[in-house]
Amino acid sequence: MIPKQQEMDGIVRQIYTAMESEQHLRSSLLVLCGDHGMNDAGNHGGSAPGETSPALTFISPKLQSTFQGNDCPAEPDEDFQYYSVVEQSDIAPTLAGLIGFPIPLNNLGVFIPYLLQIWKKGRYCVWSGGGKRSAR
Amino acid sequence: MSGAAEAKGVHADSHADSEKLDLLLANARQLLAIVQATYPEVSFEINPRINLCNHLSSSDITLLACEWQNIQKLIEMFGVGKATYDEVKDRLLAFSRKAQEMMSGTASNYDLTRLVEGIGVAAVALLLALSASFKSLYNSGAAGLFFLAVLVSYSIMMFASSYVEEEQHFWYWMQAGWLAWLFAKE
């Protein structure tokens, strides 16, 4: 388990350094999430807290200027509720809002409020500006 | 200009604010469309003759409709500068979360009385079957005991397991079938 987690950490590090250094990846967002967790036996399909609490992270060098960050690693919690908790269906409206396309028809998600802070000078400077900020 | 003060909304850029509210409003409208499709009998439009917010025995859906009307008035006030960005944002998010909660709840809308009644009937049937077969099982000795053990373990296996592929059923049937075949071989 630990070697696999270290391997995945290495892959994320690789992608992140590429996002920082490559010109064509400057406006990329890496969304790292799980579809489900697992219970103590290593299985999934039930409704134990461990199975229904996967992680969701939004990773990009551009987010560093907006957010102060949280303590990491967090204190262990039995119910696996860390940082802020959102519904899985919230991912679709959030991505729709960030990229600028309409929310899918029957989606029951709400835009993740934490990410509203990204809008400081209008959306166009966030994901399509290519790294340059326009002065206001 | 660092992110800290602006993130707190102290020197909020009004263009960014109205963009954010547009986004949240579009989200709320999209959820509202789903709610309206599920409850076509409730009108969400502002009707001066019907005051949805005054009913003391309001259902969740009428309260939601009342909240939507309040939000529309609040947005008009924001347009003329009489409401703050934070007020509108918080109301929109609360409305969206309430709609989301309500709609997710209807997806698993079980009739609990029927469920309990069904379980009661099944339990009575089980007791009757057991009392009818007890005598013959008792007289069958080891075979009857084995049959009873297999029945009991199968009923225990019926409870929700975390095996997605239900592989325990395979082992169950293999064991019972193999023993039956051994018996038939004699």
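**Figure 1. Contacts and make-up of chain A in the predicted model.** In chain A, residues 24 or more positions apart account for 51% of the contacts with a separation of 6 or more, a contact meaning heavy atoms within 4.5 Å. This is a predicted model, in which local features need pLDDT of at least 70 and side-chain atom pairs count only at pLDDT 80 or more, whereas totals for chains, interfaces and linings use all residues; side-chain values use heavy atoms, with hydrogens and water left out. Residues are numbered from 1 along each chain as its sequence is written, while chains are lettered from A and ligands numbered from 1 in the order in which they are written. Chain A has 3 helices and 2 strands, and from the N terminus on these elements run α-β-β-α-α; helices (H or I, at least four residues) and strands (E, at least two) are DSSP runs, numbered from the N terminus. Of the 136 residues of chain A, 26% count as buried, where buried means under 20% relative accessible area, exposed over 50%, and partly exposed in between (1.4 Å probe, protein chains only).

**Figure 2. A salt bridge between B:Arg97 and A:Asp90.** The two side chains meet at 3.3 Å, N to O, a salt bridge being a side-chain nitrogen of Lys or Arg within 4 Å of a carboxyl oxygen of Asp or Glu. The pair crosses between chains, with B:Arg97 in helix H4 (residues 85–106) of chain B and A:Asp90 in the loop between strand S2 (56–59) and helix H2 (91–99) of chain A. B:Arg97 is partly exposed, at a relative accessible area of 28%, whereas A:Asp90 counts as buried, at 0%. Over all chains, the structure holds 5 salt bridges.

**Figure 3. Helix H3 of chain B and its buried residues.** This helix (residues 60–79) has 20 residues and reaches 29 Å from its first C-alpha to its last, close to the 28 Å expected at 1.5 Å a residue, the expected span being 1.5 Å times one less than the number of residues. Its buried residues include B:Ile61, B:Leu64, B:Trp68, B:Ile71 and B:Leu74, and what covers the buried residues includes H2 and H4 of chain B. Just after H3(B), B:Gly81 takes a positive phi of about 85°.

**Figure 4. Confidence along chain B.** The mean pLDDT of chain B is 80, and 83% of its residues reach 70 or more, pLDDT being the predictor's confidence in each residue, from 0 to 100. Over residues 1–12 of chain B, pLDDT stays under 50, and the model has 12 contacts beyond four places in sequence for this stretch. Where pLDDT is low, the predicted coordinates should not be read in detail. The model scores ipTM 0.76 and pTM 0.68.
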